[in-house]
Amino acid sequence: MEIIIEEISKGHKLIGRHKYAQSSVHIGRGYHNDIIVSDPHVCAEHLTIDYDGEHWKINDLNSVNGSFIGQGKQAANGHIVNSGDVISIGNSQIRLIFPNHPVDTSIPFSAFESLINLARHPLVVIASIVLFALATGWLTFLENAKEVNFTQLLVPAIKLTLAFCIWPSIIALISHLTKNDARVLHQIGICFIFFLLLMVTDAIQALTYFNTSSNWPVAWFVNLLPIVLAFCMFWLNCYVGFHMSKARRITAAASLTILFFGGSALLQMSKRPEFNPRPQYNATILPPAYLISSSSSVDDFIKDADKLFEKAQKKANDEK
């Protein structure tokens, strides 16, 4: 009878999987074993799993630290194996599975998965990076008071684009080191799409502030857009790069969002003096074409102001 032996981490993540048709499988740190476990707490000849014609049994070879069932302290020596049993040896774990062990039904690709796979397409990744570099260069041109040439715009655009590549690269590296799929193109494509959306929210904020008063409720709503987008990006980073539960994914995304925006706010507050004798002047003024509704003429403004004063004066006279 065949048996499948899986090497797993303490978090039950699969490290390796082996299938054997022989009647005895030797496990230990020695190089003559069928499964070699590189754990200093595992003996050179730690245990064997033997088939007696009817059952698979565990035989501990008088190991120093013993063999136990699951995370408990029940000795595994002489234990009759059931499919799915986890055996702890030293600081390592193995899972024993029979060939007829049931598996979960296949999960069909959803529209959401299709969008994620689209984000990793090389053309989409290249287009996102190029659009981000162009937008960065254009913003550099708008914020520069002096005339600049193409080269002077290209260099900061490339530098900023490479700097923004660091975050998806870090996520992919951590994913690889934790025995998950790195999926580098997925991470880069998703991140740069959201970087572009964050630039769009900056434009929406500018238009909102230009067309509304600062105490209008929609201004507060618009301020939430970049926070929501950042949370979605971090959530997708966790979804693509790591195998974790929904609750843990939401917690990780929320923590990164709070750390990013909270840290930025604290940094700005720490650098802001109580009184600045030379306040920074923002010379960027949007032209009248960006007004959503046309402004009132001077004559109309004066008439509205006179009506307001008359109404206030009448109310004051009534109260006397």
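Which residue of β5 does I27 stand opposite? In this predicted model, in which local features need pLDDT of at least 70, side-chain atom pairs count only at pLDDT 80 or more and totals for chains, interfaces and linings use all residues, I27 stands opposite L47 in β5. Residues are numbered from 1 along each chain as its sequence is written, and side-chain values use heavy atoms, with hydrogens and water left out.

Strands (DSSP E runs of at least two residues) and helices (H or I runs of at least four) are numbered from the N terminus. β3 and β5 pair in the antiparallel sense over 4 bridges, pairing being assigned if DSSP finds at least two bridges between two strands. β3 also runs parallel to β4 (residues 35–36), to which 2 bridges join it, and here I27 stands opposite I35.

I27 is also among the residues that touch the most other members of the largest nonpolar core, which has 20 residues. Such a core is a set of buried Ala, Val, Leu, Ile, Met, Phe, Trp, Tyr and Cys residues joined through side-chain atoms within 4.5 Å, where buried means under 20% relative accessible area (1.4 Å probe, protein chains only). The elements giving two or more residues to this core include β3 (24–28), β5 (47–51) and β8 (85–89). Apart from this core lies another, of 19 residues, including I190 and F234.

Helix α3 (residues 150–164) packs with helix α4 (residues 166–177) at an angle of about 25°, their axes lying 4 Å apart. α3 is therefore roughly parallel to α4, a description applied to angles under 35 degrees.

Terms used. Buried < 20%, exposed > 50% of the residue type's maximum accessible area, 1.4 Å probe, protein only. Axes fitted to C-alpha atoms, helices over the stretch in contact; angles between N-to-C directions. Parallel < 35°, antiparallel > 145°, perpendicular 65-115°, else oblique.
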